[in-house]
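Morning, everyone. Please look at the structure on the screen, and I'll walk you through it.

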Amino acid sequence: MARKKKRSRRRASFSILNALEAYVYASILTEGVAGTSPFGLITGEKDIMQVKTLTTLKQDDSIGGGSDTYSMVTVAADGISLSDIMAEPTLALGAMASNFQANLLPMALAGFTTSISFRVGKRLLRKPLRTINSAIIKPALGAGIRL
């Protein structure tokens with residue numbers, strides 16, 4: 001019985017454009033869910049709290065005044081960070097869930113346009129990228145990194 005010939009695998013290389021695209025997707029998600037950048041999500045300070053807000057409903061009749069209602073609102077000064085999640089998981093995850101519901105459509109639209117933009121950009125710039133990879137990136141950084 002003949003043995004199967006081993007397939008030669010391409011050397012895995014790091015693509016700078018693919019890393020940039022991944023960061024853009026991460027930024028879209030963290031902005032929509034946590035209200036901060038990926039860097040801010042990791043390095044942000046613990047500043048999440050609940051604040052009591054007052055809402056006054058006015059009545060149109062001449063007899064009485066309005067009615068006051070109080071509600072608790074979760075507030076984070078610079079967005080939600082890992083420190084907030086570790087310190088107050090219930091508040092942070094609740095705020096993240098409500099942010100996700102509120103920003104689902106804008107995040108989906110941003111992800112879709114990012115996908116199309118990178119795909120079209122890579123296709124249109126295929127030749128210049130190949131030239132840059134062969135003339136600059138490969139000699140300077142080696143075969144393991146490409147644009």
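Start with a definition: buried means under 20% relative accessible area, exposed means over 50%, and partly exposed lies in between, with a 1.4 Å probe and protein chains only. L125 has a relative accessible area of 45%, so it counts as partly exposed.

This is a predicted model: local features need pLDDT of at least 70, side-chain atom pairs count only at pLDDT 80 or more, and totals for chains, interfaces and linings use all residues. Numbering runs from 1 along each chain as its sequence is written, and side-chain values use heavy atoms, with hydrogens and water left out.

Now the layout. The protein has five helices and four strands. These are DSSP runs, numbered from the N terminus: helices are H or I, at least four residues, and strands are E, at least two. From the N terminus, the order is β-α-α-β-β-α-α-α-β.

Back to L125. It sits in the loop between α4 (89-124) and α5 (126-141).

Next, the inside. Of the 147 residues, 21% are buried. The largest nonpolar core has 12 residues, including I28, L41, I85 and M107. Such a core is a set of buried Ala, Val, Leu, Ile, Met, Phe, Trp, Tyr and Cys residues joined through side-chain atoms within 4.5 Å. Two elements, α1 (16-33) and α4, each give two or more residues to this core. Which gives the most? That is α4, with five residues.

Last, I85. Leaving out residues up to four places away in sequence, I85 touches I80, A92 and M96. Contact here means heavy atoms within 4.5 Å.
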